[in-house]
Amino acid sequence: MPKPFTKLTAIAAPIMRTNIDTDVIIRIDRIVGNSVRGNLGKWAFGALRYLPDGSENTEFILNREPYRQAEILVTGPNFGCGSSREAAVWSLQEMGIRAVIGSGFGDIFFANCFQNGILPIVVDKAIVDGLAAEVENTQGAGRIGIDLQEQTITSPSGKRHSFEIDPRRRAGLLEGLDEVALTLQRDDEIRAFQASDRAERPWIHFTRKSA
Amino acid sequence: MEQPGRTMLAKIWDQHVIAQIGDDTDLLHVDRHLLHDLGGSRGLLDLKSRSLSVHNPELTFATPDHAISTARGRASTSKVGQELLTGLRTETSAVGIEMFDIDEPGQGIVHVIGPELGLSLPGCLIVCGDSHTCTHGGLGALAFGIGSSELTHVLATQAIIQRRPKTLRVMFEGRLPFGVTAKDLILALIGHIGAAGGTGYAVEYAGSAIRDMPIEGRLTICNLSIELGAKMGLIAPDEKTYDYIRGRRYAPQGEMWERAVKAWRQLPSDADAVFDREVVIDVEAIIPQVTWGISPEHVIGIDGHMPDPQAIADPGLRAAVETALDYMGLKPGAPIMGTPVDWVFIGSCTNSRLSDLRAAAEVARGRKVAPGVRAWVVPGSETVKREAVAEGLDKLFTDAGFEWREPGCSMCLAANGETVPPGQRSVSTSNRNFIGRQGPRARTHLASPATAAAAAIAGAIADVRTMER
């Protein structure tokens, strides 16, 4: 069950390259197995964060202060595209990230964020670029504020931007709701659907091979 | 008043709504849930730990594909890969989920076996914890990838919460030129509208080139929908679809078949249906495509040249191109053709079906893989493998110097440890050229099976049109 998300004022790290995919966020060899959770934070962005000899790449933003403390990522277009691996979100979460701001995200990554209590915020690219520039102008010291109740982002210099969010997902984050439990409250409806669909589309429901 | 025309997406979507639970958001029935070794046992264990049961095991099917070795005898499956395989066996058998195990007909890449077994049907809603689930849309199914949490949700409820996407129709018009395949069409589209061009949309592929295209090509087209950013891609079912499905192991039979086909004939978008966006692609202007960078949108025709980052105004895009050229070890303005390659990988849920292997074999027949190149052929399923062997394709490939392997995902994402070594360059028929996708610092060029085979023979990226017979 996800932790609730309400408000956050935090260090933000801009990662502005277009099309940062989930393979780059977490490489597959770090996530094969059923007990990988809890060890993923240090492998987030591994290909960018570490040099081939395993040492830190000092040019990568998350290896520099104060960005090491970042709880927000300001991202380029199409961040989180590619693979459905939810471990991409887990790895960000385990390195301390609680919100991502961008002009657009990979659809599956976007959905996976909500499942884990991470807030993905979509705003116009001009706003994203402005936030990144303000953060960089303060060498990362300027914090970004996020208020989910009010649906606002406050830039380091105090500029407020409102953002849109699906009301159902907003409520889910604010309260840390368990979606499985909520859907199971509708089990009568699911079973009623299946009963009538069995008559309508029997070939869907009788799947055992007849040979 | 006349009802306005409806899209295929709307028809299939509406048929699956259990309840509306928000603006544009519905609880949808899942008709088929496919599990694989990477996430299947985790989901089932997660459910067990929450004292929940599987809602409809008979609508859930499993097969190992991601983490198993594709070496003969599966000899080099890693310890963790073996644990995932054992876990999938134990957990599916405990709850009565059918699993297609290694060496059995039915095992294979999950997006190859769904259509092959007749599990994936027109109008069906299919989910799987894998982003390339959009592949099944080639049969007119509404199919999409989900994350681990959603996977647990589907196991527990046989339903999924989804926001209705916008609709994008892509018309591929014209006849495929010589040497041009389904893979080239979809790569060209990604180059045209970008890797986020389909984000938030369900894409319907239509037009004369799609109508003329065999089912396996349609599966390839839909497979790369996610590389456009679209979770779902679909193609209207037609006589080709019904001919493909008829008689398959889980396909409806007899009177049920007749009823099903009658229903499926209602699925295609109405002639007056309105899409949120339309794109038309002139197929006859497309030549064989190959990617040069680290996103599928970094794609050019085989006669093309690398871009020059200095000419790109947008800083994010420029940074992406600079990173890409640096990672790939390529120079701005250089031609793609003639770039030396170390590896060739023919396989993956994109291009590992019998027609793909035949296309590669046609190029390889009577020729030899260039010295210094390692070339792998990894059939998509046990059935594909057996059919290919029956045609002698395995021998043809091995005579030409290719390695013939067991079915699985293999080097597409290297989850089983089968990697392209650091710094080496591969031409792959898979779907992602991301940084590190085929292994740390591996360099991937995406292309069709014919173009990949041509690269293996030439030892460099080559124009298959000069090699085909």
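A word on pairing before we start: two strands pair if DSSP finds at least two bridges between them. With that in hand, look at strand β10 of chain B, where Tyr205(B) is the bridge partner of Val170(B). Keep in mind that this is a predicted model.

**The four-stranded sheet**

- This open sheet of chain B has 4 strands in the order β11-β10-β9-β12, and the pairing is parallel.
- Its edges are β11 (232-234) and β12 (277-282) of chain B, each of which pairs on one side only.
- On average, neighbouring strands here are turned by 20° against each other, ignoring direction.
- Strands β9 (residues 166-173) and β10 (residues 201-206) of chain B run parallel and are joined by 6 bridges.
- Helix α6 (residues 182-193) of chain B lies across β9 and β12, and runs at about 125° to β12(B).

**The five-stranded sheet**

- Another open sheet of chain B has 5 strands, ordered β17-β16-β15-β18-β19, again with parallel pairing.
- You'll find β17 (403-404) and β19 (443-446) of chain B at the edges, each pairing on one side only.
- Between β15 (residues 343-346) and β16 (residues 374-377) of chain B there are 4 bridges, and the two strands run parallel.
- Phe345(B) stands opposite Trp376(B), which sits in β16(B).
- Helix α15 (residues 449-458) of chain B packs on this sheet, touching β15, β16 and β18 (425-428), and its direction makes about 150° with that of β15(B).

- In chain B, helices α2 (residues 40-49) and α3 (residues 79-95) pack at an angle of about 50°, and their axes are 8 Å apart.
- That angle is why α2(B) and α3(B) count as oblique to each other.
- Their crossing is left-handed.
- On the α2(B) side, the contact is made by Gly40(B), Ser41(B), Leu44(B) and Leu45(B), while α3(B) brings Leu84(B), Gly87(B), Leu88(B), Glu91(B) and Val95(B).
- Sorted by class, this contact of α2(B) with α3(B) has 5 nonpolar, 3 polar and 1 charged residues.

**Where chain B meets chain A**

- Here 67 residues of chain B are in contact with 50 residues of chain A.
- Several elements of chain B each supply at least two residues to the side touching chain A, among them β1 (17-22), β2 (25-29), α2, α3 and α11 (315-328).
- The biggest giver is α5(B), with 7 residues.
- By class, the side of chain B that touches chain A has 31 nonpolar, 24 polar and 12 charged residues.

Key
Residues are numbered from 1 along each chain as its sequence is written. Chains are lettered from A and ligands numbered from 1 in the order in which they are written. This is a predicted model: local features need pLDDT of at least 70, side-chain atom pairs count only at pLDDT 80 or more; totals for chains, interfaces and linings use all residues. Axes are lines fitted to C-alpha atoms, for helices over the stretch in contact, and angles run from 0 to 180 degrees between N-to-C directions. Angles under 35 degrees count as roughly parallel, over 145 as roughly antiparallel, 65 to 115 as roughly perpendicular and the rest as oblique. A crossing is left-handed if the near helix is turned anticlockwise from the far one by less than a right angle, and right-handed if clockwise. Two residues are in contact if their C-beta atoms, placed from the backbone, lie within 7 Å. Ala, Val, Leu, Ile, Met, Phe, Trp, Tyr, Cys and Pro count as nonpolar, Asp, Glu, Lys and Arg as charged, and the others, Gly among them, as polar.
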